[in-house]
Amino acid sequence: MEITSVLLKPLLTEKTTMIKDEAQQVAFMVHTQANKLEIKQAVEKAFDVKVEAVNVVRRAPLNRERQGRVVGRKPGWKKAYVTLRQGDKIEFFEGV
């Protein structure tokens, strides 16, 4: 998998903002087929920082309720919490 297709978008919520301040972690929505090593390499190359650890959380697809004969479905996605080395910062998240 190419490094440019691993990181889909940063997640900016109240929880991720608190984690950024307290534990030097940032959160990204990542490709569902990406593994921890690919996520680590993508973050280090894209933002020029050193990554200490990567934690991955999967959200399973959800069935939606029926709309007539059609049953909708929400796709699953993957979230990665990336722990940065002490002193490293990603400028995208600063000032949020």
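Is Phe47 buried, partly exposed or exposed? With a relative accessible area of 31%, Phe47 is partly exposed; the classes are buried for under 20% relative accessible area, exposed for over 50%, and partly exposed in between, with a 1.4 Å probe and protein chains only. The model is predicted, so local features need pLDDT of at least 70 and side-chain atom pairs count only at pLDDT 80 or more, while totals for chains, interfaces and linings use all residues. Residues are numbered from 1 along each chain as its sequence is written, and side-chain values use heavy atoms, with hydrogens and water left out.

The overall layout comes next. The chain has two helices and six strands, where helices (H or I, at least four residues) and strands (E, at least two) are DSSP runs numbered from the N terminus. In sequence order the pattern reads β-α-β-α-β-β-β-β. The C-alpha trace spans about 55 × 30 × 20 Å along its principal axes. Of the 96 residues in the chain, 30% are buried. The chain exposes about 6,800 Å², and carbon and sulfur atoms supply 49% of that area; accessible areas come from the Shrake-Rupley method with a 1.4 Å probe, and for residues only the protein chains shown count as cover. A contact means heavy atoms within 4.5 Å. Among the contacts in the chain with a separation of 6 or more, 63% are between residues 24 or more positions apart.

Phe47 lies in helix H2 and takes part in two of the features described here, an aromatic pair and a surface patch. The count of aromatic pairs comes to one. That pair joins Phe28 and Phe47, with 5.8 Å centre to centre and 25° between the planes, and it is stacked. Rings of Phe, Tyr and Trp (its six-membered ring) pair if their centres lie within 6.5 Å; planes under 30 degrees apart count as stacked, over 60 as edge-to-face and the rest as tilted. Because Phe28 lies in strand E2 and Phe47 in helix H2, the pair ties together parts that are 19 residues apart in sequence. Phe28 is buried at 2% relative accessibility, whereas Phe47 is partly exposed at 31%.

Patches are made of residues with over 30% relative accessible area and no salt bridge; like charges are joined within 9 Å and nonpolar side chains (Val, Leu, Ile, Met, Phe, Trp, Tyr) within 5 Å.

Strand E2 covers residues 25-30 and helix H2 covers residues 36-47, and Asn35 sits in the loop between them. Asn35 is partly exposed at 39% relative accessibility. A polar atom of the Asn35 side chain lies 2.9 Å from the backbone nitrogen of Glu38. This is a polar contact, that is, a pair of N or O atoms within 3.5 Å; within protein, one must be able to donate a hydrogen and the other to accept it, and residues adjacent in sequence count only if both atoms are side-chain atoms. Asn35 and Lys50 are 15 residues apart in sequence, and their C-alpha atoms are 17 Å apart in space.

Helix H1 holds Thr16, which is buried with a relative accessible area of 8%. The Thr16 side chain reaches the backbone oxygen of Leu11 at 3.1 Å. Apart from neighbours within four places in sequence, Thr16 is in contact with Leu11, Gln25, Ala27 and Tyr81.

Lys20 also belongs to helix H1, which spans residues 14-23. Its side chain meets that of Asp21 in a salt bridge of 3.2 Å, N to O. The term requires a side-chain nitrogen of Lys or Arg within 4 Å of a carboxyl oxygen of Asp or Glu. Lys20 is buried, with a relative accessible area of 16%, while Asp21 is exposed at 57%.

How many salt bridges are counted? The count comes to two. Besides Lys20 and Asp21, the side chains of Arg85 and Asp88 meet in a salt bridge of 3.4 Å, N to O. Arg85 counts as partly exposed at 41% relative accessibility, and Asp88 counts as buried at 15%.
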